Amino acid sequence: MAIGWYPGHMNKARKEIIHALKQVHAVIEVVDARLPYSSENPLLNELAGDKPVLKILNKADLAEDNLTKEWNAYYRDLGKTTLVLSAKSTNYIKRQILDKILDIASHGKPPLKVMIVGIPNVGKSTLINNLAGTKIAKTGNEPAVTKGQQIIRLGDDVHLVDTPGILWPKIEDQESAFRLAVSGAIKNTAIELEDIALYALEFMAEKHPDRLVSRYDIDVIGEEPARVLEAIGKLRGCLKKGGVDFHKAAEIVLNDIRSVKLGPLTFESPLDIKIFQEKPEQTS
Ligand code: G4P
């Protein structure tokens with residue numbers, strides 16, 4: 001499935017990250033708290049080598065609190081250092097990050113140089129701007145991490161590189177690609193908008209049917225996602241010659257999800273990942 005990241009891009013990103021990480025003492029990996037597994041890059045551990053990594057579960061304001069707690073506990077059980085936050089808020093973010101970096105990179109010689117990395121749209125630039133206290137130009141979502149770097153002082157002993165390292169999203173896994181698309185992390189995807197909305201409606205009908213009912217005033221119990229989308233389209237006046245305009249209805253559903261009109265949502269739990277990883281290899 002082609003979603004804008006081709007082997008050439010990934011190769012370039014990989015080389016640039018390896019080069020950039022050579023120059024830092026520690027790494028801040030940003031993932032989206034709504035989909036921590038799908039928004040990470042599985043190769044980061046390999047790319048970071050023995051560099052200490054602080055894993056930030058960002059956009060916690062958009063995620064379900066109980067599942068964010070489960071994710072945090074899951075990563076801590078794996079021995080990872082984590083921080084849950086919302087890069088848009090101003091609550092002591094710098095202090096919290098500083099403390100964690102000093103903790104995980106204590107053997108390094110100060111000043112400790114740190115770099116933020118992550119796939120596109122997880123909030124790297126927002127976090128950098130927050131830490132810098134000013135708006136730093138956003139880099140494109142193309143791999144390019146090393147040019148014109150400035151340093152942001154998080155404290156006397158910790159310096160942050162102002163340009164994030166861009167990792168490629170986990171699009172080879174269909175489930176992750178759909179979750180990334182629902183969250184808005186991958187745009188211009190090769191997956192049809194209607195299919196993304198149908199995936200989202202199936203998820204909502206399974207996990208939060210009550211929210212669908214109260215938002216759209218429709219009966220969703222036991223209904224196929226396509227019928228639910230059709231009903232939403234009719235209710236919201238998304239009509240075209242010959243019937244419901246499914247594309248417009250899909251836009252409404254996805255905009256509602258991304259703007260939290262259906263409440264905070266987390267699209268995967270640690271249990272889902274365990275089930276996924278334990279699934280036996282398919283044989284033909
Ligand atoms: P990136 O550098 O990793 O590519 O991500 P970036 O900071 O550009 O953030 C992507 C989108 O996510 C932005 O929204 C940003 O405002 C939003 N965002 C980042 N962190 C948080 C967070 O903790 N909570 C919430 N609710 N949103 C967050 P956008 O709509 O693309 O841009 P804008 O309208 O904010 O300018």
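Which residue in β2 does V30 stand opposite? Before I answer, please keep in mind that this is a predicted model, in which local features need pLDDT of at least 70 and side-chain atom pairs count only at pLDDT 80 or more, while totals for chains, interfaces and linings use all residues. Residues are numbered from 1 along each chain as its sequence is written, and side-chain values use heavy atoms, with hydrogens and water left out.

The answer is I56, which stands opposite V30. Strands β1 and β2 (residues 53-58) run parallel and are joined by six bridges, where strands (E, at least two residues) and helices (H or I, at least four) are DSSP runs numbered from the N terminus, and two strands pair if DSSP finds at least two bridges between them. Strand β1 also pairs with β4 (residues 112-118), in the parallel sense and over four bridges, and there E29 stands opposite V117.

How many residues of strand β1 are buried? Seven of the seven residues in β1 (residues 26-32) are, so this strand is largely enclosed by the rest of the structure; buried here means under 20% relative accessible area, exposed means over 50%, and partly exposed lies in between, with a 1.4 Å probe and protein chains only. In a regular strand, side chains alternate between the two faces of the sheet. In β1, A26, I28, V30 and D32 point one way, whereas V27, E29 and V31 point the other way, and all are buried.

Let me turn to the helices. In α5 (residues 124-132), the buried residues are K124, S125, L127, I128, N129 and L131, and the helix is followed by G133, whose phi is positive, near 75 degrees.

Next, the salt bridges, each being a side-chain nitrogen of Lys or Arg within 4 Å of a carboxyl oxygen of Asp or Glu. By this rule the count comes to twelve salt bridges. An α-helix has 3.6 residues a turn, so residues three or four places apart point the same way. In helix α4 (residues 93-104), R95 and D99 are four residues apart and thus separated by about one helical turn, and their side chains meet in a salt bridge at 2.7 Å, N to O. R95 counts as partly exposed at 47% relative accessibility, as does D99 at 38%.

In helix α6 (residues 174-183), E175 and R179 are likewise four residues apart, about one turn of the helix, and their side chains meet in a salt bridge at 3.2 Å, N to O. Here E175 is partly exposed at 37% relative accessibility, whereas R179 is buried, with a relative accessible area of 11%. Also in α6 is A177, which counts as buried at 0% relative accessibility.

In helix α9, E230 and R227 lie three residues apart, about one turn of the helix, and their side chains meet in a salt bridge at 2.8 Å, N to O; R227 is partly exposed, with a relative accessible area of 42%. Elsewhere, salt bridges that share partners join E29, E40, K55 and K170 into one network, and this E29 is the residue that stands opposite V117 in β4.

I will finish with E224, which is found in the loop between α8 (209-216) and α9 (225-235) and is exposed, with a relative accessible area of 55%.
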